[in-house]
Each structure stands twice: as structure tokens, then as C-alpha cells.
Amino acid sequence: MTTIAFKSGVDDAVIDELRAIIGDDDRVLPNTSSRVNRTRVPAPFPVHRWADYMPDVAILPKTAEEVSEVVKLANRLRIPVVPRAGGTGLSDGAVARRGGIQIDCKLMNQIHEIDLVDRTVTVGPGINMLKLNEELRKHGVFYPDDPASYPCSLVGGRIGTGGWSLLGARFGHTRDLVVSMQVVLPTGEIVEIGEGGGRKLRKSSTALNLKQLFTGHQGTLGITTEATLELVPRPEVEFAAFFAYEDYMSAYRTLGDLTKSGLATLAGVVLFDEWKIAYLRRDDEAYIPQPDNVRAVIAVAMYGTRAEVEPASKIVMKLGRHNGGRYLGDEISAGDWASRHDRYATPLHGRDKNGQAVMMSWHCEDAALNYSVLPKVREEWHAIVERYREQYGIFDDWGMFAYTSGPHKPWADYLVEIDIGIWESRLNEENWQGWVNCKREIAEVSLKYGGSITACHGATREGDAHLVPQEMGSAWEVVRRIKTALDPNNIMNPGQQSFDEFYEEGA
Amino acid sequence: MAIFRLGDQAPPPARRVTDTVVMRFDHVYEVDPALMELTGQQELPAWDTLRIVDSRWDHLDWMHAHFADDVLLAGEESETLPADKPPADEMPSEERAGPRPVE
């Protein structure tokens, strides 16, 4: 039984107070359509229980002061607050599990400053990276945070979820690219978080390193209202090359060769396994015509100056052909790399057990894993999904990939995902619980092999979220002390990552 | 005056590519209609299919230019696929599908 985490009731008096704070009724949205549209994210969702996850009201603040006053109100009345940016996350971090006030930051989308001397750009959390880079291009600089959701996700969500970038091996991930930020704490104070006291410093040894604490907390420790971000020189050239292999282990060995090459312009290396190739062979124009002996694929991408990338590309072409690798050609290499954001723009379909095409939503269960365990995890994950596919008939195995994850050090850590299609229109409570159990089993394998249950999406998914205390082990108590000190009333995105247990009676 | 007649834009007949895939226009793959019994399909006139394909290339070009000034490639053909061959006579081509729109 919990004493503080709750399902909120936002009544007319609260709505009136929100309207007084915001001063614009068009930015306080208790109407049904505004709430329905902000309920789910593009991850599998219990559509049969949609109403359980609706916020009571959505607001669209424009300033940190407005956010602060709303959070103070929520803290006073013990109402949950759920920050939401693009709503493109894959693990429900922006989903209101306890109702309450959803703070949608989309109107805080200004570029406040471009500093070409100290190489930073300061923005509101509601700006999109694609739109930001369109502006930055005029100045010959680039903000290199490149998630699969690049065309539609927002900076605030990237910070809240500790986002992972497709170019992370070269430029780092979101946490490496945020120089400093302004945060509204769960008690409403506005604080500046950076390296020591600096707003544009990349390294300080003063006091504690707070910046990482406020990056990737899934909206449970505060709301970012402004961020100062890294600027890098706009790349002169992009190079992409895709190689095919007759078996997984040949591709796996080549993956190791490429990531240990020491090439500094290496932005990403990804390995698609046999299940992924079989999935692509159904519907993808690049893979349908491929011969049967194409069983695994490695993709490599590099960015930088021509002087660096051009000679490095020769080395990549040589390494890619190790272990029987065959080049897939310029057209597929260029086209498939440029297609890397497609999943957020295309409808998805899978196959039922009879091979019939059915509309499915896409879920990618991710993990952070070391190179040494990739083959074993692959076998166990696919076996789990096959078992649930057979039992429930609404899941489809869309294959796995392993993607370089260590920022600037691509040789040992991988973001590993198994993509699973879910036939949402067939979801009911029994099927949903089957899905939750499937996810839990997948996450348990990650922990068994010394990994983390998420490298990218966040540990907020039903099922694997229950394993967060187990993964954190002796550090779980440290997490408890930090969370309860900063959020004494559990108002900031309650119900996520098993944090509610900190507030249970006797905890 | 140009008159759009949907009947003039009927896609060419499909030819089988694999056990589960058919093709009406070169390099434009479709799921075998026999596997689409549970999922309704939208009928597209030929010009619309080709427009979508063209737009796709525009999108990819835009994405390359967005991230870097220039694209560097190995300059090599595929080592897994045979070089492109002209479609056989019985295979419908984009050109044979007719202009768009029909006058």
C-alpha cells in the first residue's frame, strides 16, 4: 500500500489555479481530445485500457516561471506532474501512470543563443533537433544528437530519457552533448545545473557532478526548461558501407574488427542478425532481391572532414570484407543509411502465424550489453519471443541488431535490440499480461549476462521496470535517498522505474 | 483540358518475385495479395505509386544533405546481386505504365 503515490483528482479549483498561473486558457487543456492525444507513446500500449493512462489536464507553458508555479501547485496539492516533449519515447516515460498534470513543453521551442566562439547553442526543451540543425547549418555548425526519432523528437525528451544517438560513437549521446541546463525541481525551485558553476564548461571538478543525475531520469527528478548544447563543426562528408555475411558469427567477428580499428571518425557500426534479415526480406526493397546466402549484415557510417574520412573509408572497405563479407553496393549503402529514421514515419505490418500480413505496432526491447555476450543473448532472446509467439499468436519476431554504444569508445558496449511486432487490435488483458511477461523474461536475460535492461529507451516499461531494483543492487538505496530528498511527495512522474516503493509505508 | 480518369491509371499486372512478393513496376515491391486477406489495401493509380517512389528519392537526398556537405561512397557495385538487366518483355515497366496524368 502506498501512502503518497496516488491516482490524482484534478478538480475545477485546480483548473482555475492553473489558468491563473498560465494566464491563457488556450494553454490549459482539460478537454478530452487534448488528453487522449497525450496519452500514449509509440511503444506497445494496453489500448484496451486507454483511459487508465490519460492525464487529467495538459498544459503548455512558455516559461520556466510558469513551469515552476505549476509544479509548486502540484507539490502543495500532491498532484502528479508528468513532463512530456515529443512523446516519441519507446518506454512510456511520458505516459501519465497516475493521472495528474501533464506539462507539454512544445511551446518552449526557441533558440535563445548561438555562441560560435565558445561553441554552444542554448535552446528551450521543445525544439526539435532537425529544426535546430536547419538553423545551425547557416553557421557551419551541427548538433549531432541523431536518434531514430530525429525528425520528430524534442530536446527536452532527449534529456529526460538520456537519449541514445545513432552517431554516438563519434559525437557522444545526449548526456555527452548537454553542456548545462536549467531545471525545475519537484518542489518548484528553478536551478542551474552544469559542470561546477559554469554554463558553458565541459569539465569541472567542483562539488558533485549533478549534470548526469538530471539526464536520463525519465522525468522523475525535474523538468528541463532550458539547455545549453554542444556544437560541432558541420561534417564535410558522410560515408556509409553495408556488408553481407553468410552467417552471424562471421559478421560478429567483423563487428569486432571494425570497432577496434581505432578510426576516430567512426560514427556507428551495426550488426543485423539472421532474424532481422529474414524480416527485411519480406518487405524491404533492399533485401527482397538478396540471395539466400545473405544471412547477416553489417552497416558502417563515418562523419568528419574529407581528409579524415576518405582514407578511413579504404580501411573500412578492407575490414568489411574480412570473414567473407561482401559489399552490398553504393545504392543500398547510401539509401539504407539515409533511411535510418524511417520507423517513425511508416506504418508497420508483420505476419500472423499463417503468414498473413497484419498491421502491428513496433516494440524494441533494448539492453546494454558487452561484445562478449552478444551471441548467447541473441539465442536466448529469440527463443523467448518464439515461445510467446506460438502461445499468443499476436507477436512477430522482427529480428535483432547490435549497435555501437560507447561514446568515443565503440569497441565493447552495444545497444542491443530485439524488435517485436504486436497486433494491437487483438490486445486484451490476457494478451497484454503475456506481453509484459515476455518483456520481463527478455530483461532477465540481459541481467543474467551482466548487462543493463536498457541502453536507450529507459527502464519505465511495464514488466522490466520491476527489475530496476534488482539491476541497481546495492546502489538502489542511494537512488532512494536521492529521489525522496528531491521529490518528498512523489509528484514527479510517479509510477515509473519502481520508485513508488520508496514511498510505501515503512520504506 | 486535362481529364484525370482513374481507369486509365490501372497499375500493370503483377509478376511474382518471390513466394511472398510481387512487382508491378520495376523495383517497386508489393506483398503478395494472397497474404493481404486480413489487411485492406488501398488502390493506387499508377501515377501516384510513381510519385511516391520519386518522393522517396527526394527524401533520401534531403537526409544526406542535412547531415553532411557531401556523400562519399566506395564507388563499387553490389557483390551480392547481379548487375541490373533490362526487364523481360513480359515484365511491365514504369514507362509502359503511361504518362501521368492522362489527357
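Reader: In β4(B), which residue is the bridge partner of V237(A)?

Author: Strands of a sheet pair through backbone hydrogen bonds, either parallel or antiparallel. Here the partner of V237(A) in β4(B) is D70(B). Strands are DSSP runs of E with at least two residues, helices are runs of H or I with at least four, and both are numbered from the N terminus. Two strands count as paired if DSSP finds at least two bridges between them. Strand β12 (residues 237–245) of chain A and β4(B) pair in the parallel sense over three bridges.

Reader: Before we go on, what kind of model is this, and how are its parts numbered?

Author: This is a predicted model, in which local features need pLDDT of at least 70, side-chain atom pairs count only at pLDDT 80 or more, and totals for chains, interfaces and linings use all residues. Residues are numbered from 1 along each chain as its sequence is written, while chains are lettered from A and ligands numbered from 1 in the order in which they are written.

Reader: Which pattern does chain B follow along the sequence?

Author: The pattern is β-β-β-α-β, from one helix and four strands. An open sheet with antiparallel pairing has the strand order β1-β2-β3 in chain B. Its edges are β1 (15–16) and β3 of chain B; each has a single partner strand, so one side of each is left without a neighbour in the sheet. β1(B) pairs with strand β2 (residues 21–25) of chain B in the antiparallel sense over two bridges, and R15(B) has M23(B) as its bridge partner in β2(B).

Reader: How many residues does each chain give to the contact between A and B?

Author: Two residues are in contact if their C-beta atoms, placed from the backbone, lie within 7 Å. In this case 31 residues come from chain B and 39 residues from chain A. On the side of chain B, the elements that give two or more residues are β3 (28–31), α1 (46–67) and β4 (70–72). The largest share, five residues, comes from α1(B). By class, this side of chain B has 16 nonpolar, nine polar and six charged residues. For these classes, Ala, Val, Leu, Ile, Met, Phe, Trp, Tyr, Cys and Pro are nonpolar, Asp, Glu, Lys and Arg are charged, and the others, Gly among them, are polar.

Reader: Let's turn to chain A. Is A299(A) buried or exposed?

Author: A residue is buried if 20 or more other C-beta atoms lie within 10 Å of its own, exposed if 12 or fewer, and partly exposed in between. A299(A) is buried, because 22 other C-beta atoms lie within 10 Å. A299(A) is found in strand β14 (residues 296–304) of chain A. The residues that A299(A) touches, leaving out those up to four places away in sequence, include F242(A), V270(A) and W337(A). V270(A) and A299(A) are 29 residues apart in sequence and 5.3 Å apart in space, C-alpha to C-alpha.

Reader: And which residues have the most contacts inside the largest nonpolar core?

Author: A nonpolar core is a set of buried Ala, Val, Leu, Ile, Met, Phe, Trp, Tyr and Cys residues joined through C-beta atoms within 7 Å. The largest one has 92 residues, and L271(A), V300(A) and M302(A) have the most contacts inside it. At least three residues of this core come from each of domain 2 (111–233) and domain 3 (237–464) of chain A, with bounds taken from an automatic or database domain assignment. A second, separate core of 60 residues includes V57(A), L132(A), L136(A) and L231(A).
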